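Dear colleague,

I am handing over the structure we spoke of, and below it you will find an account of what was found in it. Please read the text with the structure open beside you.

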Amino acid sequence: MGFRMYDLIEKKRDGGVLTGPEIKWMTEEYTAGRIPDYQMSAMTMAIFFRGLNKEETLNLTMAMTTSGDTVDLSGIDGIKVDKHSTGGVGDKTSIALAPLVASVGVKVAKMSGRGLGHTGGTIDKLESFPGFNTSISMDAFLKQVNDIGIAIMGQTKDLVPADKKLYALRDVTATVDQLSLIASSIMSKKLASGADAIVLDVKCGSGAFMKDFASAKALALEMTELGRGAGRKVTAFISDMDEPLGLAVGNALEVKEAIDTLRGKGPEDFSELVMQLASAMVCFAGKAGSEEEARELLDRSIKEGRAIDKLKEFVKAQGGDERAVDDMSLLPAAKYECEVEADTDGFVSGIECAEVGNASLLLGGGRLTKEDEIDLSTGIIMKKKKGMSVKAGETLAVMYYNSEEKMEAAKARLKAAFKISGSKPEKNDIILGRI
Ligand code: URA
């Protein structure tokens, strides 16, 4: 059916509701290059101000989901469960979570991104294992999940091309920050990746997209409804991102922390988040009758070494050097380290999380444009987190770096990220809510 983009822009500008066929047509024509960016920009701005109702949002999500290839996981037995995090500082969750749930029999067929921002995405982090191949073929990916229960690959270029174009456009037209557009962008990629059930981790706080609980909850609700509307099982956790997750920020450093966590020696907040997300995944996959029972299974798998063994098996299957799991000196390491010290006594009353991320980016651990090269070895280890007492001269964090110039640029920002005051603050729980 043919429509005129001008008419659709006008309709949305005036607060009208776009029909399913209109949204499908617009998405297909834009993806095919037959609607110019200037008209789509006007549409996204109209949506920014007028919003999309639930039906429009679901229609947009479904149109985007089918705009390119979709992954068929039906050749893998059992219920396939995926997880998605909206992203934050020090978020290495998938690296620990995926082998952990696979170690109790959950099939993990995961596509991940590289990502712009403070650190790389899961795909970059996994490349810390020397030789690790994230661009395996779809056949190899499916075979590996059938053989060992876990595979993670980079998103193929033909997965949700509509979102690739639309997100790039939103990024340069100040229209990223719109709930329905964010929810449809994330969920279309998850739906196209083929899982039967999806566990969402919506981050909330100064280091996240959603700065406050109300907006994180609204996004979590919107995404769970979209997933259910598309016939998938979905649950969402809202988790704290007001300070970095765990202690490590930076690619290889985060991989080390994920390895420690699979040995039961991870930081408390990160370990708790991993266990809660993993328990939900195990239940969705039908491997336990309740999340308590799932947690016992997972605890045992860590204690008995099956979780760490699954990581080794996974790294080896994708061509990586699995010896790095036991001998972490085989992972990329920066040449120098430098401590950032407190000037005064008191308590850490807050950590400007995004600023810790920016400091890591300045050290070389993240990318600002798709073409930037990441230095996997650099980053930050937090020595103090919110609520901890601190003395003048004590170390707040350690920076790992390869360039003095970059370190100098990062140091002031990292130091300024720590707020120190005279009274002990309330510390947030890692899980703030659940849908
Ligand atoms: N992440 C996405 O994938 N899409 C958005 O729109 C925002 C964050």
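Helix α7, which covers residues 138-148, holds both D147 and K143, and the two are four residues apart, about one turn of the helix. Please keep in mind here, and for everything that follows, that this is a predicted model. The side chains of D147 and K143 meet in a salt bridge, with 2.6 Å from N to O. Side chains of opposite charge can pair when their charged atoms come close. In the structure as a whole there are 28 salt bridges.

**Domains, and where domain 1 meets domain 2**

The chain is divided into three parts, with domain 1 spanning 5-51, domain 2 spanning 81-326 and domain 3 spanning 332-421. The centres of domain 1 and domain 2, taken over C-alpha atoms, are separated by 32 Å, and 12 residues of domain 1 are in contact with 12 residues of domain 2. Between them, domain 1 and domain 2 bury about 1,100 Å², and 74% of that area is on carbon and sulfur atoms. Of the area that domain 1 buries against domain 2, Y30, T44 and F48 supply 47%, which is more than any other three residues.

What does the rule find across this interface in the way of salt bridges and polar contacts? For salt bridges between domain 1 and domain 2 the count is zero, whereas one residue pair is found in polar contact, both residues being at pLDDT 80 or more. On the side of domain 1 that touches domain 2, the elements that give two or more residues are α2 (20-31) and α3 (37-50). Of these, α3 gives the most, with seven residues. The residues on that side of domain 1 divide into five nonpolar, six polar and one charged.

Strand β11, made of residues 395-401, runs antiparallel to β7, and six bridges join the two.

Strand β8, residues 346-351, pairs with β10 in the antiparallel sense over two bridges, and G346 stands opposite V390 in β10.

With best wishes

Note on methods: Residues are numbered from 1 along each chain as its sequence is written. This is a predicted model: local features need pLDDT of at least 70, side-chain atom pairs count only at pLDDT 80 or more; totals for chains, interfaces and linings use all residues. Side-chain values use heavy atoms; hydrogens and water are left out. Two strands pair if DSSP finds at least two bridges between them. Domain bounds come from an automatic or database domain assignment. Contact means heavy atoms within 4.5 Å. Buried area is the accessible area (1.4 Å probe) that two parts lose on being put together, summed over both. A salt bridge is a side-chain nitrogen of Lys or Arg within 4 Å of a carboxyl oxygen of Asp or Glu. A polar contact is a pair of N or O atoms within 3.5 Å; within protein, one must be able to donate a hydrogen and the other to accept it, and residues adjacent in sequence count only if both atoms are side-chain atoms. Ala, Val, Leu, Ile, Met, Phe, Trp, Tyr, Cys and Pro count as nonpolar, Asp, Glu, Lys and Arg as charged, and the others, Gly among them, as polar.
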